[in-house]
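Dear colleague,

Please find below the structure I promised to pass on to you.

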Amino acid sequence: MNRITELFGIRYPIISGGMVWCSGWRLASAVSNNGGLGLLGAGSMHPETLEEHIRKMHQVTDKPWGINVPLLYPEMDRIIEIILREKVKIVFTSAGSPKKWTPLLQKNGIKVVHVVSSTAFARKCEEAGCDAVVAEGFEAGGHNGREETTTLTLIPQVRRAISLPLIAAGGIASGRGMLAAMALGAEGVQVGTRFALSEESSAHEQFKQKCITLDEGDTILSLKKLSPTRLIKNEFYRQVEQAENAGASAEEMAQLLGRGRAKRGIFEGELDEGELEIGQAASMIRTVEPAGQIIAQMIAEYNTAIEGLTEIRF
């Protein structure tokens, strides 16, 4: 037991990222039912869809679970109303200031965790009264911090800056990665890419199969004039690269991105023109496995790695 397992009432300090187009009720419940904390990804759901997934979660698991909510979501009032009405107990927030909603959520008995990419934002979480912090390095897939700070550098600095329970994210896809994060000062890990490529992930099968063939360097942080996003190098990325090299404005980049491109890529399997978001850890993954098996493997590898380290003395 540690502060993260006690805070959420879970067996293992492993949280599945609330990833757009990947984190529906099947993945979230599978992670929770196997000892971790599953999160629904509200960022890709209309309020009515989120409500359906919440009600399904109530039906398929009696274990703790939560929701990831990007605070820049255009219908936040409706999302908060649904969360309160459906008695969600854990909310991870991201992409905005935690100050606005944290007091209301906590007043209703909800644990609030905020995702940050810098020490400065981690301090703001403590000031806002958050229950815990996720510090995410830029190895992660999807939207990233502008600082481009790696997990290896970020975690010990955030640990030194705040007293809150700390969850590490970005590039963690194995038990050894989990142990490394703990050694740096984290008390839990948020795993995105590996669960995005699980059997229960709602990502398209063609997207999953593409991701498990990736090698080092096949993803890159892009769209920096809009919101830095880690993408697979496909035809859409090459269009982005060409536009960025030509000095395209933020407005021109937004026009190129258009609407629904991440859905086309991740959820619908359009591998050329879709926006394919995945983390650097994809290059370590070669099979699509059930979420429960992923958790079991991570824990077994974590324990084996600890035993191996006890033999190392200087």
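**Pocket and sheet**

Helix H8 gives the most to the lining of the second largest pocket, namely three residues. This is a predicted model, in which local features need pLDDT of at least 70 and side-chain atom pairs count only at pLDDT 80 or more, while totals for chains, interfaces and linings use all residues. Residues are numbered from 1 along each chain as its sequence is written, and side-chain values use heavy atoms, with hydrogens and water left out.

The pocket (on a 1 Å grid over the protein atoms alone, an open set of points where a 1.4 Å probe fits, with protein on both sides within 12 Å along at least five of seven lines; lining residues have an atom within 4 Å of a point) has a volume of about 190 Å³, taken as the space filled by probe spheres set on the points, which are joined across faces, edges and corners. Of its 13 lining residues, Glu139, Thr151, Gly170, Gly171 and Ile172 lie nearest the centre. Helix H7 (151–161) and helix H8 (175–183) each supply at least two lining residues; helices (H or I, at least four residues) and strands (E, at least two) are DSSP runs, numbered from the N terminus.

Turning to the sheet, eight strands form an open, parallel arrangement in the order E1-E9-E8-E6-E5-E4-E3-E2, where two strands pair if DSSP finds at least two bridges between them. Its edge strands, E1 (14–16) and E2 (38–41), each pair on one side only. Within this sheet, E5 (residues 111–116) and E6 (residues 132–136) pair in the parallel sense over four bridges, and Val116 stands opposite Ala135 in E6.

Best regards
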